[in-house]
Amino acid sequence: MKMIAASAKIHPLSVIEDGAVIGENVVVGPFCHVGAKVVLKDDVELLTHVVVTGRTVIGRGTRIFPNAVIGGDPQSVHHDGAETTLDVGEMCVIREGVTMNAGTTEGGGRTVVGNHNLFLANSHVAHDCILGDHIILSNNVMLAGHVKVEDRVILGGGSAVHQFTRIGRQAFIGGLSAVSYDVIPYGMLNGNPGILGGLNVVGMARAGMEKATIHEVRRAFKQIFEGEGSIRANAAAIRDEYANSVPVMQILDFIAAESDRALSSPNRGKG
């Protein structure tokens, strides 16, 4: 049995399977297909030719453009057919041809997308990815499985992210870059292979970070990546010095955390 709010507007040329839950003021344009285990929360809009399938929740106010396929099975040879989930947050914009896959059993069974994110045409979010808020995936960006992207990251067009990679908050990934290793918060990575070229100073300033704080982060960056020891040893050595600096501590905590991937650096990837 469908559960469709009285205020929802469903085009007669779309298919809403029995069991779907459709919230208040939802708009479903023509030629869309909404699966039996899908939840469309209030104010969601599917423009036309949109497929939302699997056990998928689409958050309030999210808009999905033509030819997007959201909630499909994970593209993994290890997928055993188990029922896994995709959760998409509020006020996201999902443009033409975007694909997002549900999780895998071995990866925890969930793909999670936060709020206020923008996914440009033909970008892809693979199984078991965890995305924060206010993220931009430009055209043709590809996230492999198990990738974690923190808040306010921008990924330039055509960039590709290796599975299990982490990208720290407010990092900037240049177009066509290959992200094979973790990228620190506020980092700026470009190239193939991707090289950490410095800090996303423009993004930091646009976010309202004070100049003195930016200079403090730049000084810490040099100590971490230009010091005599290893990256992790250098980072550990300066923790007390920057204990009162929130952005520097975010970088140091990111470096100290366990990860399946090595860290991007100004030298890693150079021939």
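**A parallel sheet and its aromatic neighbours**

In this predicted model, nine strands form an open sheet with parallel pairing, and their order is β1-β4-β7-β10-β13-β16-β19-β22-β25. The two edges of the sheet are taken by β1 (3-4) and β25 (166-167). Each of these strands has a single partner, so one side of each is left without a neighbour in the sheet.

Strand β16, which covers residues 110-113, pairs in the parallel sense with strand β19, residues 130-131, and two bridges link them. A handy place to look is Val113, which stands opposite Leu131 in β19.

Attention now turns to the aromatic rings. The structure holds one aromatic pair. Its members are Phe221 and Phe225, whose ring centres lie 4.7 Å apart; the planes meet at 40°, so the pair counts as tilted, given that planes under 30 degrees apart would be stacked and those over 60 edge-to-face. Both phenylalanines sit in helix α2 (residues 211-226), and because Phe221 and Phe225 are four residues apart there, about one helical turn separates them.

Arg95 lies over the face of Phe65, at a distance of 4.0 Å from the ring centre. For Arg268, the ring in question belongs to Tyr181: the arginine lies over its face, 5.0 Å from the ring centre.

Key:
Residues are numbered from 1 along each chain as its sequence is written. This is a predicted model: local features need pLDDT of at least 70, side-chain atom pairs count only at pLDDT 80 or more; totals for chains, interfaces and linings use all residues. Side-chain values use heavy atoms; hydrogens and water are left out. Rings of Phe, Tyr and Trp (its six-membered ring) pair if their centres lie within 6.5 Å; planes under 30 degrees apart count as stacked, over 60 as edge-to-face and the rest as tilted. A charge sits over a ring if NZ of Lys or CZ of Arg is within 6 Å of the ring centre and within 35 degrees of the ring normal. Two strands pair if DSSP finds at least two bridges between them.
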